Amino acid sequence: NVAYCGHVLDLARRLKCRGVIHLSSVVTFKFDGGAITEESARETEHKDKPFYSGVKIATDEALRDASNGMPVVFVRPGFILGPGHPNVIVGTAAKVFGGWIVLLGNPRQILPVIPRTLVQEALARIVQRESWPHGESILLVDPQSPSKRDFVRASMSELGQGTHLLAMGRWFWWPAALAGEVLARLLGQKH
C-alpha cells in the first residue's frame with residue numbers, strides 16, 4: 001500500500017487531477033476512550049499496531065509526505081456496513097466453536113459504523129466540491145453507533161453469526177496481554 005501511494009500521486013499529477021481522495025479509516029485517529037472527531041489527533045506511528053491499523057496509518061503518512069502539492073483529502077469512515085459483507089464481526093469478535101463468539105476488547109466500547117450508501121453519498125459530494133484542502137480529514141460515522149456488545153448481539157440475531165456470546169472486559173484482556181508479553185520475552189520474541 002505504501003509503495004503504491006507514490007504511483008497514485010504520480011498518475012494523478014500526469015492526468016492533471018484536482019487532487020486525490022483517499023478512503024482511509026477511523027482507526028487512524030488516536031483513541032483515548034472519548035469521542036473521536038475530525039479534530040482528534042492522528043496516529044502517526046504504525047509500528048506495534050495491529051496489521052490493519054498499521055497499514056492504514058502508514059498509508060496515510062505516505063500520502064501526506066509524498067503529496068508534493070497534490071491535494072489529498074482523507075475520508076475516514078467507521079466500519080462500513082452493507083449487503084454482502086462476508087464477516088461483519090471481523091476485528092470485533094472471533095467465532096470459536098459450537099456457535100460461540102468471543103468478543104474482543106471492551107464490550108462497552110463504541111464501535112463506529114457507517115452504512116455503505118452514506119459513504120458513497122459522501123464521496124460523491126466531495127468530488128463535486130470546489131476546493132479540496134490538502135490534508136482535510138472527513139470523519140464518516142453514525143453518531144448513534146452501537147457498543148461492541150450490542151453490535152455483535154445484533155449480528156448474531158439478525159445475521160446468524162453465532163448463538164452464544166462470551167464478552168470479557170478489561171479484567172480479562174489486560175492480564176492476558178501481560179501474560180502474552182511475558183511469554184514473548186521468555187521465548188525471545190521481544191526485547
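Is Arg 76 buried or exposed? In this predicted model, Arg 76 is buried, with a relative accessible area of 0%. The residue sits in strand E2, which spans residues 72-77. Its side chain makes a polar contact of 2.4 Å with the side chain of Asp 60. Beyond residues up to four places away in sequence, Arg 76 touches several parts of the chain. Its contacts include Ser 24, Ser 25, Val 26, Thr 28 and Phe 29. Arg 42, Asp 60 and Arg 64 are also among them.

Val 72 is buried because its relative accessibility is 0%, below the 20% cut-off. Leaving aside neighbours within four places in sequence, its contacts include Leu 9, Val 20, His 22, Leu 63 and Ser 67. Pro 133, His 134, Gly 135 and Glu 136 also contact Val 72. Ser 53 lies 19 residues from Val 72 along the chain, and the two C-alpha atoms are separated by 19 Å.

Side chains of opposite charge can pair when their charged atoms come close. The model holds 8 salt bridges. Arg 42 is partly exposed, at 29% relative accessibility. Glu 61 is buried, at 14%.

Arg 64 counts as buried because its relative accessibility is 19%, under the 20% limit.

A further salt bridge joins Arg 185 and Glu 181 at 2.9 Å, N to O. The two residues are 4 apart in helix H5 (residues 170-186), so about one helical turn separates them. Both are partly exposed, Arg 185 at 46% and Glu 181 at 24%. Elsewhere, salt bridges that share partners join Arg 42, Glu 61 and Arg 64 into one network.

The surface also carries a nonpolar patch, formed by Val 96, Phe 97, Trp 100 and Leu 166. Together these residues have about 400 Å² of accessible area. Trp 100 lies in strand E5 (residues 100-103). Trp 100 is partly exposed, with a relative accessible area of 33%.

Terms used. Residues numbered from 1 in each chain as written. Predicted model: local features only at pLDDT ≥ 70, side-chain atom pairs only at ≥ 80, totals over all residues. Heavy atoms only, no water. Buried < 20%, exposed > 50% of the residue type's maximum accessible area, 1.4 Å probe, protein only. Polar contact = N/O pair within 3.5 Å; in protein donor to acceptor, adjacent residues only side chain to side chain. Contact = heavy atoms within 4.5 Å. Patch = residues over 30% accessible without salt bridge, like charges linked within 9 Å, V, L, I, M, F, W, Y side chains within 5 Å. Areas by Shrake-Rupley, 256 points an atom, 1.4 Å probe, with all protein chains shown as cover. Salt bridge = Lys/Arg side-chain N within 4 Å of Asp/Glu carboxyl O.
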